[in-house]
Amino acid sequence: MKSANIFSIIKMFRPYMLKVPLNSLFIGYSLLKNERPHWYNDKIRINTLIPPYPSKAFDRLFNILINQKRLPHTINFAITANCPYKCKHCCYGGRKKEDLTTNQILDLIQQMKDLGTAILGITGGEPMLRDDIVKIVAVTSPEITTNIFTTGFNFNKKRAEELYKANVGCISFGIEHTDAKTQDKIRGERGSLQNAINAIKLCDQVGIYTAIATIGTREKINNGELHRIYDLANSLDVGELRLIFPISTGRWAGCTDENLKNEELKLHEDFQKKYNKKKSGPIVASLAYLESDKVMGCSTGYNYLYIDSSGEICPCDLTPLSFGNIKNASLKKIWMDMEQYFPHPRSYCLMSELSSKTISDSYPIPPNESKNIALKYNKRTPLPTIHKILSKKSSKK
């Protein structure tokens, strides 16, 4: 991947430079030093938390951020509950085995566009099990860029070509171990690692930007497996390694020992900074760093939303609190109703605080109980760095 030079970066952000306080430009520059903006298919990419530039989705996201709008610039949407694997860490565990129809999904995507969404994470279950996934991706463009989260199951050359033509933004493949037997043990099925590797190669052949997503558990930090996964990503010419911090939720509900301590989360940050200083190879997007108080913070329910396969709307995919169902009310109405519970971005992950308080036999927790939990525990925190800077700009209007 060719790195983007400083002149390309200035051009990228020029429309917003006069709209923010002067000191924010210096802070923004210092934060960009921990990234490696790069070219792919004539577009600049920073990481998959930001749409590629130039694009309408990029403009939509930065319009929300610069003007400090409480709108869901990013939505993760489970288009199916079905999955051939049995991962013990699956955050979807305990939810209904019920899927929306194609027409319901297409209508919902239009509602997302009307609300201002810029990034749609398509997840599951295993999204490749849906025959209409190409149609779903195709209708999002150009307002919304898509990132499909998959294991690589049910993937072939024809599907790769169709998704490329549908303008998919990225396909992220979940890989939890570089040893095939260990990966299969985690997935509960044989051949899971090779499925993912084969699918990544097919994407590379047709020109789809790819990522590997992995959970940075304590074990993988200590035994060096994170570095081996990076090396695998590098050997496959993957664009990004998305490093996810573990949270006790879904099938992991009650396993609060899996949550990392602050010093362990700092190792995730260090991992990103180390590899993003390299001049080549995949970039690293550490959510423990990017969603910390040092950068964007936790946007759950503020700039971020999750919708499960049955239409339940939650503040994020890790926080199993329901605030309504898309089959009973519009996305806009439910989102506006959520404002009293999520009026501000947070400086740290809400679910890290709620994981011991949301243990249940089934998810999501019903709306009335969810609202009580949110009111009790979602207390205002100091604003994370980016929002702190931009809120000063907004207050001067």
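Modeller: Strands β2 and β3 pair in the antiparallel sense over 3 bridges. The model is predicted, so to speak of local features a pLDDT of at least 70 is needed, and side-chain atom pairs count only at pLDDT 80 or more, while totals for chains, interfaces and linings use all residues. Residues are numbered from 1 along each chain as its sequence is written, and side-chain values use heavy atoms, without hydrogens or water. Strands here are DSSP runs of E with at least two residues, helices are runs of H or I with at least four, and both are numbered from the N terminus; two strands pair if DSSP finds at least two bridges between them.

Within this pairing, Y40 stands opposite K43 in β3. The open sheet has 3 strands in the order β1-β2-β3, with antiparallel pairing. Its edge strands, each pairing on one side only, are β1 (2-3) and β3 (43-45).

P37 sits in the loop between α2 (22-32) and β2 (38-40). Its relative accessible area is 10%, and therefore P37 is buried (under 20%; exposed is over 50% and partly exposed lies in between, with a 1.4 Å probe and protein chains only). Beyond neighbours within four places in sequence, P37 is in contact (heavy atoms within 4.5 Å) with S3, A4, I9, L32, I44, R45 and I46. A4 is 33 residues from P37 in sequence, yet their C-alpha atoms are 5.5 Å apart.

Strand β4 (residues 74-78) pairs with β11 in the parallel sense over 4 bridges, and I75 stands opposite L305. β12 (residues 313-314) pairs with β11 in the antiparallel sense over 2 bridges, where I307 has I313 as its bridge partner. β11 and β12 make a hairpin with 5 residues between them, and G311 in the turn has a positive phi of about 100°. Both faces of β11 are covered: Y304 and Y306 are buried on one side, L305 and I307 on the other.

Setting aside neighbours within four places in sequence, M112 is in contact with R60, I75, F77, T117, L120, I144, I307 and L331. A nonpolar core is a set of buried Ala, Val, Leu, Ile, Met, Phe, Trp, Tyr and Cys residues joined through side-chain atoms within 4.5 Å. The largest one has 78 residues, and M112, F77 and L331 are among those with the most contacts inside it. Helix α8 (residues 192-206) gives the most to this core, with 8 residues. Apart from it lies another core of 26 residues, including M12, F13, Y289 and V295.

A285 belongs to strand β10 (residues 283-286). A285 has a relative accessible area of 0% and so is buried. Leaving out neighbours within four places in sequence, A285 is in contact with N47, E240, L241, R242, L243, Q272 and L290.
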